[in-house]
Amino acid sequence: MLSAALKRGRLAHTLLLHGKRGFGSEALAIQLMCILLCKQQSDSACDLCPNCLKSGELAHPDLKVLFPLPALKGGSDDNRDQLLEQFSHLIRRELTAKSHNHYYHMQVENGRGILLDQIRALRRFASMKSYEGGNRVVL
């Protein structure tokens with residue numbers, strides 16, 4: 001169904017892929033992301049262009065990956081910035097693991113939900129123009 005929509009150029013602007021853990025929903029989403037960000041603009045990723053190489057590493061500038069993080073407890077803005085910096089280190093570690101194994105389950109200890117700061121960053125990301133001139137993808 002997704003392949004047919006891609007061939008017709010009629011893919012919905014938003015897709016929700018959901019399945020049991022280990023079913024491969026995230027791996028499917030990553031494969032679809034690679035196709036959408038590929039310079040070849042076909043129904044499969046070429047895996048050779050710079051966009052495919054960046055996508056495979058989950059490091060493409062037109063890609064935003066969200067996953068649950070621990071809640072930030074009040075405190076000063078400096079304290080929040082320090083916590084967010086610690087989270088950014090954990091996020092990079094998880095993204096690296098996921099880029100090597102698309103079936104890896106990304107998880108930060110005590111991660112319970114998407115933080116308001118993540119939603120704000122997502123809104124900024126969505127409002128900006130594409131860096132590479134193509135699609136923008138959020139996983």
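This is a predicted model: local features need pLDDT of at least 70, side-chain atom pairs count only at pLDDT 80 or more; totals for chains, interfaces and linings use all residues.

Author: Residues are numbered from 1 along each chain as its sequence is written, and side-chain values use heavy atoms, without hydrogens and water.

Reader: What makes a space a pocket, and how much space lies in the largest pocket?

Author: On a 1 Å grid over the protein atoms alone, a pocket is an open set of points where a 1.4 Å probe fits, with protein on both sides within 12 Å along at least five of seven lines. The largest holds about 1400 Å³.

Reader: Which residues that line the largest pocket are closest to its centre?

Author: They are L15, L17, A29, V138 and L139, out of 50 lining residues. Lining residues have an atom within 4 Å of a point.

Reader: Which element gives the largest share of that lining?

Author: Helix α2, with nine residues. A helix here is a DSSP run of H or I, at least four residues; a strand is a run of E, at least two.

Reader: How does the lining of the largest pocket divide?

Author: Into 29 nonpolar, 15 polar and six charged residues. Asp, Glu, Lys and Arg count as charged; Gly is among the polar ones.

Reader: What about the second largest pocket?

Author: Its space is about 450 Å³. Of its 22 lining residues, K64, V65, S88, I91 and A121 are the closest to its centre. α4 gives the largest share, six residues.

Definitions and conventions: Grid points are joined across faces, edges and corners, and a volume is the space filled by probe spheres set on the points.
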